[in-house]
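Here is a friendly briefing to read alongside the model. Start with the view below, and then we can go through it topic by topic.

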Amino acid sequence: MVDRYYDALETRSADQRAADLAQALPRQIARAQALPGYAETLKHVDPQAITSVADLASLPVLRKSSLGKAQAAQPPFGGYSVKPAAQFAHIFQSPGPIYEPGGIDRDWWRIGRVLHAAGIGPGDIVQNCFGYHLTPAGMIFESGARAVGAAVLPAGTGQTELQVTAARDIGSTVYAGTPDYLKVILDKADEMGVQLAITKAAVGGGALFPSLRQDYKDRGILCLQSYATADLGNIAYESPAMEGMIADEHVVIEIVTPGTGDPVAPGEVGEVVVTTLNPDYPLIRFATGDLSAVMDGISPCGRTNMRIKGWMGRADQTAKIKGMFIRPEQVAALVAKHAEIVKARVIARREGDMDTMTVQVEAPGNDGSAYARTVADVLKLKGVIEVVAPGSLPKDGLVIEDQRKYD
């Protein structure tokens with residue numbers, strides 16, 4: 001009989017999890033501090049002072065664009081890896097290009113937890129339809145299957161008819177891949193008159209729409225999704241309760257205002273920033289560029305770690321207005337210029353054939369002209385400034401809202 005939980009970490013009390021984090025975080029900050037990539041950003045940090053999620057907020061955010069620049073200057077990992085490239089089992093290349101290390105020990109990306117939650121284990125055969133070439137998704141899920149004792153068909157993508165034939169011949173019981181490609185395989189099997197044995201699916205890398213999940217359920221397939229990246233490994237995952245996504249036990253998740261490192265209020269939408277406890281590749285406050293929000297309470301399945309609502313859009317809201325790029329970091333800089341401003345939102349509209357920009361500012365009073373010079377200096381554009389009451393802007397994670405239509 002398969003244990004309900006992957007390990008005891010999943011059901012820790014809040015006090016125990018906080019105590020464990022207070023031990024793990026200083027060690028991870030110290031590892032990072034010793035690396036060339038963090039030579040400037042962490043040089044004045046006392047690792048022993050960083051013992052909680054709240055303490056992390058005092059550290060700078062690391063963005064993927066900065067990682068790419070660092071890798072160009074110091075290939076292949078930009079000075080952010082504890083080990084040299086030759087000591088890793090794999091080296092991957094993602095679009096950018098961005099290079100990521102990979103290991104085969106200790107379920108390096110921590111996907112075993114994801115698969116276990118979906119009921120996958122010994123006796124299962126995983127048809128792994130994630131890509132194996134250059135990018136790491138295929139190896140990430142293969143590592144997870146190995147951790148739970150399942151066999152793997154390294155199917156990769158495409159060649160759907162061969163996928164169906166292989167699934168039938170070897171008796172695949174599990175699909176791993178993007179949410180929509182499973183339907184392509186199942187529809188092809190129907191067309192071929194083939195009955196498949198797939199009853200479980202672990203999906204990621206795309207949106208799992210409710211209608212698609214229901215279609216799989218109607219076919220007798222439990223489909224659960226995970227949230228992982230090439231840099232960080234597993235971040236969060238679904239359990240059969242299917243109420244939000246549960247944070248992985250070896251990462252720390254923060255939700256911050258896009259363009260800043262400032263935590264949002266509980267329940268508000270913001271950018272997902274992750275600190276990994278992986279000792280080989282200690283990414284500290286790594287910005288994913290994804291939006292999500294923290295959910296109240298714990299999962300009905302009994303796992304006690306924090307939950308997020310899943311993917312809710314992209315935090316990179318850069319918009320080109322009147323030929324000028326406006327970025328979330330600029331909006332954050334605008335807010336920082338005036339102590340009384342709580343938050344701000346840039347709205348791009350189109351009137352006739354012309355772009356217009358409205359800047360909504362949460363602040364006391366109603367004098368927009370007081371901020372006109374700052375707007376022009378920071379955003380490099382002039383626009384209409386609307387002062388709105390504190391707390392009145394939507395809590396949806398947007399700091400740049402593009403309302404323009406081009407059809």
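Thr 356 lies in strand β18, where strands (E, at least two residues) and helices (H or I, at least four residues) are DSSP runs numbered from the N terminus. This is a predicted model, in which local features need pLDDT of at least 70 and side-chain atom pairs count only at pLDDT 80 or more, while totals for chains, interfaces and linings use all residues. Residues are numbered from 1 along each chain as its sequence is written, and side-chain values use heavy atoms, with hydrogens and water left out.

- Thr 356 counts as buried, at 18% relative accessibility; buried means under 20% relative accessible area, exposed over 50%, and partly exposed in between (1.4 Å probe, protein chains only).
- Contact here means heavy atoms within 4.5 Å.
- Leaving aside neighbours within four places in sequence, Thr 356 is in contact with Ile 321, Lys 322, Ile 347, Ala 348, Arg 349, Arg 350 and Glu 351.

**The chain as a whole**

- The chain's secondary structure comes to ten helices and 20 strands.
- For 407 residues, a compact globule would have a radius of gyration near 22 Å, and the 23 Å of this chain agrees with that.
- That radius is taken over C-alpha atoms, and the globule rule is 2.2 Å times the number of residues to the power 0.38.
- Along its principal axes, the C-alpha trace spans about 70 × 55 × 45 Å.
- Of the 407 residues, 51% count as buried.
- Among contacts in the chain with a separation of 6 or more, 62% come from residues 24 or more positions apart.
- The accessible surface comes to about 18500 Å², and 55% of it belongs to carbon and sulfur atoms; the areas come from the Shrake-Rupley method with a 1.4 Å probe, and for residues only the protein chains shown count as cover.

**Charges and salt bridges**

- The chain has 40 positive and 47 negative side chains, and the centres of the two sets lie 3 Å apart.
- In that count Lys and Arg are positive and Asp and Glu negative, with His and the chain ends not counted; the place of a charge is NZ of Lys, CZ of Arg, CG of Asp or CD of Glu.
- Side chains of opposite charge can pair when their charged atoms come close.
- A search of the whole structure finds 31 salt bridges, each being a side-chain nitrogen of Lys or Arg within 4 Å of a carboxyl oxygen of Asp or Glu.
- Glu 40 and Lys 43 form one of them, at 3.1 Å from N to O; Glu 40 is exposed at 56% relative accessibility, and Lys 43 is partly exposed at 45%.
- Asp 105 pairs with Arg 106, with the closest N and O atoms 2.6 Å apart; Asp 105 is partly exposed at 34%, whereas Arg 106 is exposed at 52%.
- Arg 219 and Asp 187 meet in a salt bridge of 3.0 Å, N to O.
- Because Arg 219 lies in the loop between α8 (210-218) and β7 (222-229) and Asp 187 in helix α7 (residues 181-192), this pair ties together parts that are 32 residues apart in sequence.
- Arg 219 is partly exposed at 31%, and Asp 187 is partly exposed at 32%.

**Helix α9**

- In helix α9 (residues 328-336), the buried residues are Pro 328, Gln 330, Val 331, Ala 332, Leu 334 and Val 335.
- These buried residues pack against β16 (324-326), β17 (343-351), β18 (354-362), α10 (372-379) and β20 (400-402).

- Arg 285 lies in the loop between β11 (270-276) and β12 (286-292), and is buried with a relative accessible area of 0%.
- Not counting residues up to four places away in sequence, Arg 285 touches residues including Leu 56, Pro 60, Glu 254, Val 256 and Thr 275.
- Gln 28 lies in helix α1 (residues 14-33) and is buried, at 0% relative accessibility.
- Beyond four places in sequence, Gln 28 is in contact with Thr 276, Leu 277, Asn 278, Pro 279, Pro 282 and Ile 284.

**Glu 243**

- Glu 243 lies in the loop between β8 (233-237) and β9 (245-247), and is partly exposed with a relative accessible area of 40%.
- Not counting residues up to four places away in sequence, Glu 243 touches Met 295, Pro 300 and Arg 307.
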